[in-house]
Amino acid sequence: MSDQQAQNGNLELLEHIIELTSADLDVGEVSRRVAALVTAATHSDVCFVHLLDEELRRLILAGATPPFDEQVGIVQLALGEGIAGWVAKFARPAVVPDKWKDRRYRYIPELRGEDFTSMVSVPMLARGRVVGVLNVHSRAARNYGDAELALLTQVANLMARAIENARLYGRLAEREEMLERFATRTVEAQELERRRLAGEIHDGISQRLVSLWYHLLAAEDAVGDPEVVRQELGKAKELSTAALDEARAAIMGLRPFVLDDLGLGPGLESLGRSSSGVEVEVEVEPVDLPAHVEVALYRIAQEALQNVVKHAGASTVLIRLAPSEEGVRLVVTDDGQGFDEDSIAGAEDRHSYGLVGIRERAELIGASLTITSRPGTGTSVEVTLPGPVRP
Ligand SMILES: Nc1ncnc2c1ncn2[C@@H]1O[C@H](COP(=O)(O)OP(=O)(O)OP(=O)(O)O)[C@@H](O)[C@H]1O
Ligand SMILES: [Mg+2]
């Protein structure tokens, strides 16, 4: 084959890969097809696409030429394990003329290493990060050259970028869906709040103002009888105090005023003091957070505490707010009966919004949430807001 022919072939392959990676296919399907194309283009016998699971720190086979496609999802390598693991760990390619002489090589029976001799393994890099590893193997011993290495590198990086984009897109779509759900629930909550407020104004405050007016009227009618006037004015005074208290309570329910006046730490302390039926310990260290984050953390603590009072049968609950290594952490831990997390998986269907709301608030402020609970051992709700902590 002339150089020109080879170059044309490579261009065609890259075009094919671009088409594949921009089509609406899942990662497994793209990996399978890329594996077939790459095998043919490099005159290899088999190609493997391993993707890195960052959390597990393992490479997982995502695509391969038959018959190894049956091992997709099954064959795994730890980061640093085998030649592919080494390539993923150090983000560097490996050209291996005889893998039996390479100390990095690790035999995986399912991939029939005994059938192949030479190989090239290249990292799939997107924005400097390893997304996976692309391997080609040949049965006969051969020296893969620079041209093949360059081509494989290009293919690997095209795939890496496509996979990274698909992941980012997935995350964005998830976030958008969550925001939509949050908006709907906010509108519902607003409606509920309006009804509550209307009820409180109608049944409480207005009723008292009406009575107050009657007592003032009676006092006016009894101008000649100071004793009656005194009695009526006394009642009027009582009613105006009660109406004022009710107005205050109605407003308090709308916004955690305590935050504006005192800040999050003292706000949590006052939350603790206002709970009944359980002993609340509050430990707060000074943290400096934006106002909307303070409100979110306050509301999370409020719901977690309400759950303790409603469901836990606990004797004590600890609310702790402190800077931690990862950022700022809020923990609400009780020593109550706990619950089986799986059994409340369908809580949304049962119209329980507390934990769902906690999760949404945490996500909206970019915090991570861990709820740990087991029947009999109590519950812990932990929210960690990443980032530098300003004391
Ligand atoms: N601290 C806790 N201790 C024991 N069980 C809990 C605790 N927190 C939550 N649960 C369990 O999880 C369920 C779901 O809680 P969630 O706050 O979502 O709903 P809810 O409190 O029942 O209703 P809502 O919060 O919507 O008024 C509760 O019904 C309860 O069974
Ligand atoms: Mg609740």
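Over the face of which residue does Arg142 lie? I found that Arg142 lies over the face of Tyr144, at 3.9 Å from the ring centre. I also noted that the charged end of Arg104 sits over the ring of Trp86, 4.3 Å from its centre. For a charge over a ring, I required NZ of Lys or CZ of Arg within 6 Å of the ring centre and within 35 degrees of the ring normal.

I recorded that this is a predicted model, where local features need pLDDT of at least 70 and side-chain atom pairs count only at pLDDT 80 or more, while totals for chains, interfaces and linings use all residues. Residues are numbered from 1 along each chain as its sequence is written, chains are lettered from A and ligands numbered from 1 in the order written, and side-chain values use heavy atoms, without hydrogens and water.

Next, I looked up aromatic pairs (ring centres of Phe, Tyr or Trp, the last by its six-membered ring, within 6.5 Å; planes under 30 degrees apart are stacked, over 60 edge-to-face, the rest tilted). The structure holds five such pairs. One of them joins Phe68 and Phe116 edge-to-face, with 6.2 Å centre to centre and 65° between the planes. I noted that these two residues are 48 residues apart in the chain. Phe68 counts as buried because its relative accessibility is 6%, and Phe116, at 4%, counts as buried too. Buried means under 20% relative accessible area, exposed over 50%, and partly exposed in between (1.4 Å probe, protein chains only). With Phe48, Phe68 and Phe116 form one aromatic cluster.

How values were computed:
Helices (H or I, at least four residues) and strands (E, at least two) are DSSP runs, numbered from the N terminus.
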